[in-house]
Amino acid sequence: MAGTRYVRYVIVAVFCLALVWYINSSAGPTTFSGSTSQPATSKPNAVDTTKQASGSVQGTTPNSNGLPPAVVNGPRMNATFVTLARNQDVWEIARSIRQVEDRFNRKFNYDWVFLNDDEFNDEFKKVTTALASGKTKYGKIPKEHWSFPDHIDQDKAAKVRDEMREKKIIYGDSVSYRHMCRFESGFFFRHPLMLDYEWYWRVEPSIELYCDIDYDPFKFMADNKKKYSFVLSLYEYVETIPTLWNTVKDFTAKFPQYVAKDNSMKFLSDNGGVDYNHCHFWSNFEIANANWLRSQAYLDYFNHLDQSGGFFYERWGDAPVHSIAAGLMLDKSEIHFFNDIAYYHVPFTHCPTGEQYRMDHKCHCKPEDNFDWKGYSCLSRFYELNDMKKPEGYEKEQN
Ligand SMILES: Nc1nc2c(ncn2[C@@H]2O[C@H](COP(=O)(O)OP(=O)(O)O)[C@@H](O)[C@H]2O)c(=O)[nH]1
Ligand SMILES: *[C@@H]1O[C@H](CO)[C@@H](O)[C@H](O)[C@H]1NC(C)=O
Ligand SMILES: [Mg+2]
């Protein structure tokens, strides 16, 4: 035992001496100029940045070894990013755009539509246009899409907000949050700027993307006949939607022709549709087909819900509204789970299960943060409904 310890001391001492010699022998102070990514053992001091910038460096030749193209070639889909935001969200959305561009869009350059109930200011436009690689467009939401419909009883709505404030229900006392949820449920896809596109990818402020996306998810959706997609799913706060399911049942009784034969009822209900289990796709991320939302079926659905007043007499979120529509009116094969889009929106993370997978896609999320298999996630139901095999190691991520 004592012998091996002695040998270890000698090795450590020799290593330290070698390190000191190496540091002393490298000419000049050690600088870490960010642009090169050489292994730590090769000396960066040979790079003269003043010459490099001048453009005609002696002995410099283009790399003809076939580096991959900087931008992905091939067709683009008729698609856009869409963000609803206020002027004061500018730095939060700036972070989101940076991440989406770094991980995906710098290679694809899709457009970006920004919508607001107010006029966007110059700073917002300047910052977001500078960060986005595609065309940026800014739209003001028409008043009718962001206000109380005539049939809403204002006193009744105000009383509900007071009650919800007392009960400390999240956003329960907010008028603007209700307008936002109603707008995202029934109007954003009908904004004039959105009519130019078939596909959209919704992005909110302060989200994160954790893995490279090296292919085009819009094209994937089109090629595989998908209409709606998600990355996180969970249970809705029941206090915000007490009568939503009954209102949906009235709708399907009135319009049975809109219910898909091979639907995802098993994701939404544990007793064949009698009760809602509150599972929904988290709609702050969505890649979906806007023409589906513009279909008569979806518009009839939205109008039916809107007439009931639940956006104001309760606090219906666009997540359960979209999810129930997708779950009942789409074929279950038309809904896609994007396992490869690692994502964060406070407070939940989708970090793909499996180390090899995360390495291959250059992910930087913390595996323990993955919400997929936790008790409050609905992803298992989606897997079971669609006979999908859960990834290896998922059991270890359940707690
Ligand atoms: N223009 C505008 N956007 C809003 C308003 N309220 C929320 N949003 C946007 O609507 C989305 C959802 O709002 P957020 O505060 O993130 O809600 P949460 O994700 O449910 O906590 C985000 O993209 C916000 O920027 C509003 O009053 N005006
Ligand atoms: C894109 O899709 C929208 C909605 O379907 C359509 O109106 C528009 O003409 C399409 N644009 C192109 C270039 O195909
Ligand atoms: Mg949000």
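User: What makes Lys225 count as exposed?

Analyst: This is a predicted model. Lys225 has a relative accessibility of 65%. Exposed means over 50%. Lys225 therefore counts as exposed.

User: Where is Lys225, and what is said of its phi?

Analyst: Lys225 sits in the loop between H7 and E6. Its phi is positive, about 55 degrees, although Lys225 is not a glycine.

User: Why is Tyr171 called partly exposed?

Analyst: Its relative accessibility is 42%. Buried needs under 20% and exposed needs over 50%. The value for Tyr171 lies in between, so partly exposed is the label.

User: How do you know whether Trp201 is buried or exposed?

Analyst: Its relative accessible area is 2%. The limit for buried is under 20%. Trp201 is therefore buried.

User: What does Trp201 touch?

Analyst: Trp201 is in strand E4, residues 199-202. Beyond four places in sequence, its contacts include Phe81, Phe104, Phe218, Phe285 and Ile341. Trp201 and Ala79 are 122 residues apart in sequence, yet their C-alpha atoms are 7.9 Å apart.

User: Why is the pair Arg95 and Glu208 called a salt bridge?

Analyst: The closest N and O atoms are 3.5 Å apart. The rule asks for a nitrogen of Lys or Arg within 4 Å of a carboxyl oxygen of Asp or Glu. The pair meets the rule, so Arg95 and Glu208 form a salt bridge.

User: What makes this pair a link between distant parts of the chain?

Analyst: Arg95 is in helix H3 and Glu208 is in strand E5, 113 residues apart. Arg95 is partly exposed, at 42% relative accessible area. Glu208 is buried, at 18% relative accessibility.

User: How far apart are N and O in the salt bridge of Asp223 and Lys219?

Analyst: They are 2.9 Å apart. Both residues lie in helix H7, 4 residues apart, about one turn of the helix. In an α-helix there are 3.6 residues a turn, so residues three or four places apart point the same way. Asp223 is partly exposed at 48%, and Lys219 is partly exposed at 31%.

User: Where do Lys227 and Glu334 lie, and what joins them?

Analyst: Their side chains meet in a salt bridge, 3.0 Å from N to O. Lys227 is in the loop between H7 and strand E6, while Glu334 is in the loop between H13 and strand E10. The two are 107 residues apart. Glu334 has a relative accessible area of 16%; buried means under 20%, so Glu334 is buried.

User: How many salt bridges are there by this rule?

Analyst: The count comes to 17.

User: How do you know the span of helix H11 is close to what is expected?

Analyst: H11 covers residues 296-308, 13 residues in total. It reaches 18 Å from first C-alpha to last, and 18 Å is expected at 1.5 Å a residue. Its buried residues include Tyr298, Phe302 and Leu305. Among the elements that cover them are helices H6, H8 and H13. Just after H11, Gly309 takes a positive phi of about 85 degrees.

Note on methods. Residues numbered from 1 in each chain as written. Chains lettered and ligands numbered in written order. Predicted model: local features only at pLDDT ≥ 70, side-chain atom pairs only at ≥ 80, totals over all residues. Heavy atoms only, no water. Expected span 1.5 Å × (residues − 1). Buried < 20%, exposed > 50% of the residue type's maximum accessible area, 1.4 Å probe, protein only. Contact = heavy atoms within 4.5 Å.
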